[in-house]
Amino acid sequence: MKKGIAFASLFAIFALFFCACGAQQGAQLSAAATDAILMVNETLYYGTDEVGPMGDAGCVAGKISSAVSSGEIPSQNGESNFGCIGNPYTSDFGDGMIMVLMEDEAYHVFHAQNPS
């Protein structure tokens, strides 16, 4: 019985440690993702911390073709301010949302917004 309690306690400590490390990494990615901007079809799409599935291969609209410096606003279609040249992005099917493959190899949600 004591071995079972000791094992459960040890497992709980490891779980808390790994969850804390994962949350810290996620927070860093969230800050980077929200500064990400990509221009597609004359529309600026702004990154979020949301991730999800890309969808089927027919959803791919293009690949990032060029990049400007971080903090700059892209001015050409296929241009980003976060690098990832050659990474695919999906089509906007009228909902103002696209998915972009980022450096963490996850598809991040980007939303179209009007610049203020």
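The paragraphs below go through a predicted model, from its overall make-up to single residues. Residues are numbered from 1 along each chain as its sequence is written, and side-chain values use heavy atoms, with hydrogens and water left out. As this is a predicted model, local features need pLDDT of at least 70 and side-chain atom pairs count only at pLDDT 80 or more, while totals for chains, interfaces and linings use all residues.

The protein chain has one helix and eight strands. Both kinds of element are DSSP runs numbered from the N terminus: helices are H or I with at least four residues, and strands are E with at least two. Along the sequence the order is α-β-β-β-β-β-β-β-β. Of the contacts in the chain with a separation of 6 or more, 52% are between residues 24 or more positions apart; contact means heavy atoms within 4.5 Å.

The accessible surface of the chain comes to about 7400 Å², and carbon and sulfur atoms hold 60% of that surface. Accessible areas come from the Shrake-Rupley method with a 1.4 Å probe, and for residues only the protein chains shown count as cover. Of the 116 residues in the chain, 31% are buried. Here buried means under 20% relative accessible area, exposed over 50%, and partly exposed in between (1.4 Å probe, protein chains only).

In soluble globular proteins, nonpolar side chains tend to be buried together. In this model the largest nonpolar core has twelve residues: A36, L38, V40, Y45, I64, F82, C84, Y89, I98, V100, M102 and F110. Strand 1 (37-40) and strand 7 (97-101) each supply at least two residues of this core. A nonpolar core is a set of buried Ala, Val, Leu, Ile, Met, Phe, Trp, Tyr and Cys residues joined through side-chain atoms within 4.5 Å. I64, one of the core residues, is in contact with L38, G78, S80, F82, G83, C84, I85, G86, N87, Y89 and V100, leaving aside its neighbours within four places in sequence.

Two further members of the core are F82 and F110. Rings of Phe, Tyr and Trp (its six-membered ring) pair if their centres lie within 6.5 Å; planes under 30 degrees apart count as stacked, over 60 as edge-to-face and the rest as tilted. By this rule there is one aromatic pair. The ring centres of F82 and F110 are 5.7 Å apart and their planes stand at 45 degrees, so the pair is tilted. F82 lies in the loop between strand 5 (79-80) and strand 6 (88-90), whereas F110 lies in strand 8, so the pair ties together parts that are 28 residues apart in sequence. F82 is buried because its relative accessible area is 17%, and F110 is buried at 1%.

Strand 8 (residues 107-112) also holds H108. H108 counts as buried because its relative accessibility is 1%. Its side chain makes a polar contact with the side chain of D104 at 3.0 Å. A polar contact is a pair of N or O atoms within 3.5 Å; within protein, one must be able to donate a hydrogen and the other to accept it, and residues adjacent in sequence count only if both atoms are side-chain atoms.

T90 belongs to strand 6 and is buried, with 4% relative accessibility. The T90 side chain reaches the backbone nitrogen of M99 at 2.8 Å. Not counting residues up to four places away in sequence, T90 touches M54, C59, V60, A61, I98 and M99. C59 is itself buried, at 14% relative accessibility, and C84 is buried at 9%. The structure holds zero disulfides, a disulfide being a pair of cysteine sulfur atoms within 2.5 Å.

E42 lies in the loop between strand 1 and strand 2 (43-52), and E105 in the loop between strand 7 and strand 8. E42 has a positive phi of about 65 degrees although it is not a glycine, and E105 likewise has a positive phi of about 65 degrees without being a glycine. E42 counts as exposed because its relative accessibility is 61%; E105 is exposed at 72%. G71, in the loop between strand 4 (66-67) and strand 5, is exposed with a relative accessible area of 68%. G71 and D35 are 36 residues apart in sequence, and their C-alpha atoms are 7.3 Å apart in space.
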